Amino acid sequence: MTPHLFSIYALAAMFVVATIWPINMGVLAYVGAFLVGTLLAGQAAKEIIAGFPSGLFLTLVGITWLFALAQNNGTIDWLVRMAVRAVKGRIGAIPWIMFGISAVLTAVGAVSPGAVAIVAPIALGFAFRYQISPLLMGLMVVHGAQAGGFSPISIYGGITNGVVAKAGLPLSPMTTFAASFFVNAAVALLLFMMLGGRKLMQARQDRIEPVAVPHVEIARPATGPQIFGDSEAEALSRRIGEEGGGESNRLVAEVEEGDQPDGTLYQIVTLAGLALLAVLVLAFNLDIGFVSLTIGLALALWDPTMQRRAMAQVAWPEIMLITGVSTYVAVLEHMGTIDFVGDSVAGMASPLLAALMLFLIGAVVSAFASSTAVLGSLIPLAVPFLQGDTGVGAIGFIAGMAVASTIVDVSPFSTNGALVLANARGVDRQVFFRRLLSYGALVTLVAPVVLWLIFVVLPG
């Protein structure tokens, strides 16, 4: 077996191990980088460490810390409550309000499962109370979270844009964001019309009774096992809850709406800070990591006691995962494996068929494993293929690959799908699971083909 094949099989084994057992894939990737780098690539430890993505690390830490601050000071809860009140009796607007809230949360820096954990209990509570299809409501929440997931200041956006920029490929962050938003919005519209939306549009309630808006702890780290892909999922563990001395499911613990003041000066300043982040990053092209840390520091100095939990709420497992995978990919680049794979893919009889295979691989793997790991590993593998004269546009391919690797997170085996299943009320859970599984399988098989046609075949 050649060193190139061995390193690829090792990467595949990491996905399998991290899927079967609750082991952070980042740890596997760091160990793999050390073993493959020293034994096969002949690298010294300093050379392996040089492949650590310091800029991406800073981006992820800054974004998740700033979002944790906004969560802790009640800004996110305030926004959710304002959106819920905006319904004003229009039953048909409720699913779209939930879609919009999820999209905004991920667009400003929440990891997708964190946004779903915040919105799903509210949305499915409304579904139960007003006889809305729980499947429709749950899927609207998940697709909303994916719709905002690739904004230039988001977690997914930061990862994808960083990987693409490092590879030297043409970069269009807004194209990827627009692709994710409009594809997920189109899917949401289709679901809305097929699952009772037309009937809901005709319904109206004079008085919408509020569903308690939960204050969500984004993460409770440092106790219990670490789920390999999502720090938010840690809070779902009963064992962690017991070790922490609190409720087993603090992630969705409800509080009364009036428990926290709304529209305080601190919350208004926090909103202004998030808006300033978007302006400085998008308009002035400043580094998102440094800007988010700077704004976060200003908020922390405003109220030091409010932010003391925020650093522990940074999405360390995700950061461990993506930086570990990126470090391993750097080892593959050093030993020529990336070029080997790219040349092999480019050597296929049809470049279009090669692109389709990569879309399908990304979708299938992401349905069971971590989307962040898929984005961090498959895009670099496609770099030589995209740099060659294959007729496949890099910008369209990246946008399609990004959507294909994340739209499948409706699967009940993903954290998003599991959160929807866990919060469904008044349903037969086995039947609901089968319906969610069937939809997830359909999306996993059909979406990559449709996205391939839209982003690769038609532009060519």
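Q: Which residues do ring pairs link into a cluster?
A: This is a predicted model: local features need pLDDT of at least 70, side-chain atom pairs count only at pLDDT 80 or more, and totals for chains, interfaces and linings use all residues. Residues are numbered from 1 along each chain as its sequence is written, and side-chain values use heavy atoms, with hydrogens and water left out. Rings of Phe, Tyr and Trp (its six-membered ring) pair if their centres lie within 6.5 Å. Through such pairs, the cluster joins Trp96, Phe99, Phe177, Phe181, Phe182 and Phe192.

Q: Is the pair of Trp96 and Phe192 stacked, edge-to-face or tilted?
A: There are ten aromatic pairs in the structure. Planes under 30 degrees apart count as stacked, over 60 as edge-to-face and the rest as tilted. The ring centres of Trp96 and Phe192 are 5.6 Å apart and their planes stand at 55°, so this pair is tilted.

Q: How many residues apart are Trp96 and Phe192?
A: Helices are DSSP runs (H or I, at least four residues), and strands are too (E, at least two); both are numbered from the N terminus. Trp96 sits in helix α6 (residues 94–107), and Phe192 sits in helix α10 (residues 173–194). The pair links distant parts of the chain, with a separation of 96 residues.

Q: Is Phe192 buried or exposed?
A: Buried means under 20% relative accessible area, exposed over 50%, and partly exposed in between (1.4 Å probe, protein chains only). Trp96 has 28% relative accessibility, so Trp96 is partly exposed. Phe192 has a relative accessible area of 2%, so Phe192 is buried.

Q: What angle lies between the planes of Phe177 and Phe181?
A: Both residues lie in helix α10, four residues apart, about one turn of the helix. Phe181 is partly exposed, at 30% relative accessible area. The Phe177 and Phe181 rings form an edge-to-face pair, 6.5 Å centre to centre, with a plane angle of 65°.

Q: How many helices are in the chain?
A: The chain has 460 residues, and 55% of them are buried. Contact means heavy atoms within 4.5 Å. Among contacts between residues at least 6 apart in sequence, 79% join residues at least 24 apart. The chain has zero strands, and its helices number 22.

Q: Which residues of the largest nonpolar core touch the most other members?
A: A nonpolar core is a set of buried Ala, Val, Leu, Ile, Met, Phe, Trp, Tyr and Cys residues joined through side-chain atoms within 4.5 Å. In the largest one there are 109 residues, and the two that touch the most other members are Met98 and Phe397.

Q: Which helix gives the most to the lining of the largest pocket?
A: On a 1 Å grid over the protein atoms alone, a pocket is an open set of points with protein on both sides within 12 Å along at least five of seven lines, a cavity is a set where a 1.4 Å probe fits but cannot get out, and lining residues have an atom within 4 Å of a point. The largest pocket has 26 lining residues, with Thr59, Gly158, Asn161, Gly162 and Ala165 nearest its centre. Eight of the lining residues come from the top contributor, α9.

Q: How much space lies in the largest pocket?
A: Its lining has 14 nonpolar, nine polar and three charged residues. Ala, Val, Leu, Ile, Met, Phe, Trp, Tyr, Cys and Pro count as nonpolar, Asp, Glu, Lys and Arg as charged, and the others, Gly among them, as polar. Grid points are joined across faces, edges and corners, and a volume is the space filled by probe spheres set on the points. For the largest pocket this comes to about 610 Å³.

Q: What distance separates the C-alpha atoms of Thr270 and Ala70?
A: Thr270 lies in helix α13 and is buried, at 1% relative accessibility. Its contacts beyond four places in sequence are Ala70, Asn73, Thr75 and Leu299. Thr270 and Ala70 are 200 residues apart along the chain, yet their C-alpha atoms are separated by 6.4 Å.
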